Amino acid sequence: MAVTQRRSALQCADRLLSFQAPVIMGVLNTTPDSFSDGGRLYTDGRPDPDAALDAASAMVNAGAAIIDVGGESTRPGAEPVSVQAEMDRVLPVVERLAGSVDAIISVDTSSPALMCEAAALGAGMLNDVRALMREGALEAARDTGLPICLMHMQGSPSTMQSAPRYGDVVDEVLTFLRARVAASEAAGISRDRLLLDPGFGFGKSVAHNLRLLAHLSRLAGEGLPLLVGLSRKSLIGALTGRDVHERLPASVALALLAVQRGASVVRVHDVAATADALAMLAALETVES
Ligand code: 7PJ
């Protein structure tokens, strides 16, 4: 298979996302039970679009080019949420943010109906931790015309961390992602709308996660932009003993390590700290080149 040259930019609805510098995607959870910032954006039991706008604006001012809005908890052990509940959480926030924040609005969902409605409300990217495997997802994603991040997961959130197993984790993730790229292309989604993500923490032990990070450049070699989410994840807890709210330094370190190994986009909770770290890398690169 010919390896295409890495693209320098991606059209996301009416915004152009440049890959000239590493891109920061800020996480905006609309779930009441997010493991790292649970329920922060809730007022009277419902997601508060104005609170979401404040949080998104702060991340954009700190350097995020993408805001990833999610309404389904995919933390290990999480129970499935109904599509309607997910839509009720996410759509008012997408509607409030689109056109009001100077960033691409990404929607973290596997639900075809939500993909369509979010696109109609101004979302600029889709982020599917199930890589368009749900029935109707390939077609829905295709019809939005938006870029899509395809992520690898072993199992499902309710069971994925019980006993993750691989022969070679890097080979298996690569094989899966290639198959999903092929399925996307067969459904009419052109390759140049796709980003890839190894799915850190999604059915992976600490050793699996570390091996994937160590060999990230192999995934980057596919020629599609790589999106990586390591922020506050449990491997940091396992390696440092830190509680979720004490994981900022290690999260920033992992974002930097991922960019150095070929990640184009880092999905993070702590945008300002990540932006500072990436600025140091950029400064160093100006004297090295
Ligand atoms: C990821 C995600 C990730 C992509 C979540 C969390 C769990 N989407 N959604 N990659 N993680 N593409 O933030 O810890 O790693 S939710």
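**Reading a predicted model**

Author: Start with Arg-232, which is buried, with a relative accessible area of 13%. Keep in mind throughout that this is a predicted model.

Reader: What value of relative accessible area counts as buried?

Author: A residue is called buried when its relative accessible area is under 20%. Arg-232 has 13% and is therefore buried.

Reader: Where is Arg-232 in the chain?

Author: Arg-232 sits in the loop between strand 11 and helix 8. Its phi is positive, about 60°, although Arg-232 is not a glycine.

Reader: Which loop holds Leu-132?

Author: Leu-132 belongs to the loop that joins strand 8 (125–128) and helix 4 (137–144). Leu-132 is not a glycine, yet it has a positive phi of about 60°. With a relative accessible area of 1%, Leu-132 is buried.

Reader: Now a helix. Why do residues three or four places apart point the same way in an α-helix?

Author: An α-helix has 3.6 residues a turn, so residues at that spacing point the same way. Take helix 6 (residues 206–214), where the buried residues are His-208, Asn-209, Leu-212 and Leu-213. These four cover an arc of only 130° around the axis, which puts them on the same side of helix 6.

Reader: Which exposed residues does the face turned away from the buried side of helix 6 carry?

Author: That face carries Ala-207 and Ala-214, both exposed.

Reader: What do the buried residues of helix 6 pack against?

Author: They pack against four helices: helix 5 (169–186), helix 7 (216–220), helix 8 (234–240) and helix 9 (248–260).

Reader: Next, the ligand. Which of the 13 residues around the ligand come nearest?

Author: Asp-108, Asn-127, Asp-197, Lys-233 and Arg-267 come nearest. For three of them, look at the polar side-chain atoms. Asp-108 has one that lies 3.0 Å from a nitrogen atom of the ligand. Asp-197 also places one by a ligand nitrogen atom, at 2.6 Å.

Reader: How much of the ligand's accessible area does the protein cover?

Author: On its own the ligand has 390 Å² of accessible area, and the protein covers 94% of that.

Note on methods
Residues are numbered from 1 along each chain as its sequence is written. This is a predicted model: local features need pLDDT of at least 70, side-chain atom pairs count only at pLDDT 80 or more; totals for chains, interfaces and linings use all residues. Side-chain values use heavy atoms; hydrogens and water are left out. Buried means under 20% relative accessible area, exposed over 50%, partly exposed in between (1.4 Å probe, protein chains only). Helices (H or I, at least four residues) and strands (E, at least two) are DSSP runs, numbered from the N terminus. The arc is that of the directions from the helix axis to the C-beta atoms. Contact means heavy atoms within 4.5 Å. A residue is near a molecule or strand if one of its heavy atoms lies within 4 Å of it. A polar contact is a pair of N or O atoms within 3.5 Å; within protein, one must be able to donate a hydrogen and the other to accept it, and residues adjacent in sequence count only if both atoms are side-chain atoms. Accessible areas come from the Shrake-Rupley method with a 1.4 Å probe; for residues, only the protein chains shown count as cover.
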